[in-house]
Amino acid sequence: MRNRILLGLDNGNKCTKTSEGYISEAGFIKSNNEPISTSNLLIYEGKFYSIGNSRLSVQMDKTVNQDAFILSLPAIADAINKAGVEGEVDAILGVGLPIVSYGTLKKKFREYFLRRDIEFNFNKKDYKINIIDCRVYPQGYSSLITVFNSYRNLLCNVIDIGGYTIDFFRVENGIIDVSACYSLPNGIITLIVNIQQELLKTNIRLTEIQIQEIVAGKEPVLFEADIMEVIKVMSEEYVENILAKIEEYGFEFRNPSIFTGGGSMMLQKFIEKCSRVKYVDFLDQFANARGYKILLEQELRRCYQ
């Protein structure tokens, strides 16, 4: 019997994450020759990719180039290692799309991943894989699946703050209200870029990682208090603005609100302090990927019954 793995794979614009706990910045540096550092080095089709460097530009349709596929290979390698399998491996993937583009891009995104005889080297280890099946699920709702029993009899808001988009929708008694599914292009990357632009006015240059760590609550030792204050104020305003926008779409924050996505984790302390929301629950940045795998397993069981 051939080796086989099932994997939930979240190809975010900010990070690539899996149901098995792998996470990497969604970027790479490509070169024709081996770079100085071989850390997180992917070799594929004769090219060298230093994974996790230089976040790539935001892409709504990830099938337009090889970027998302290349970023997926180290994630699959990680899953193979954690499963402890050797030799040629058949992979079945559960992946996701924003809820507003799910219907239009689902078929295209599935076919993008279906490939055989894929050979690559990651961190000095050779892999040969076949992606024999791929199922696509809606982001946010997949996160909710991981805590479904706690909310199955309630009306709740689900808000997924990702790198590029904020997806939000209502779920009542476990069923999505298809008339209340929205997406805004104001994900956490827009906040980080706005902070960078504001600090540049005083000739201060911070990287994305530095800013996201400060937003998330880490205390840097090198920066002045006024820099911290700028980031704090802009983060508060960002949260206030996106929640006000969501209210404009008719969402009631007296109902439970479930926040998911890496942006929600980063902004948790600001969301909790905001007077607009009443009851909030936070799902970690791997929740979508875990949800994809749960839905994938359920779907495959139905297929073989």
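1. Along the principal axes, the C-alpha atoms fill a box of roughly 55 × 55 × 30 Å.

2. The model is predicted: local features need pLDDT of at least 70, side-chain atom pairs count only at pLDDT 80 or more, and totals for chains, interfaces and linings use all residues. Residues are numbered from 1 along each chain as its sequence is written, and side-chain values use heavy atoms, with hydrogens and water left out.

3. The protein chain contains 10 helices and 14 strands. These are DSSP runs numbered from the N terminus (helices: H or I, at least four residues; strands: E, at least two).

4. Domain 1 covers 4-138 and domain 2 covers 148-282, with bounds from an automatic or database domain assignment. Their centres, taken over C-alpha atoms, are separated by 26 Å. Domain 1 supplies 9 residues to the contact and domain 2 supplies 13, where contact means heavy atoms within 4.5 Å.

5. About 960 Å² is buried between domain 1 and domain 2, and carbon and sulfur atoms give 71% of this area. Buried area is the accessible area (1.4 Å probe) that two parts lose on being put together, summed over both.

6. The whole structure holds 17 salt bridges, each a side-chain nitrogen of Lys or Arg within 4 Å of a carboxyl oxygen of Asp or Glu. Across the interface of domain 1 and domain 2 there is 1 salt bridge.

7. Lys14 takes part in a salt bridge with Glu208, the closest N and O atoms being 3.9 Å apart. Lys14 also forms a salt bridge with Glu25, at 2.7 Å from N to O. In this second pair, Lys14 lies in the loop between β1 (3-11) and β2 (15-18), and Glu25 in strand β3 (residues 23-25).
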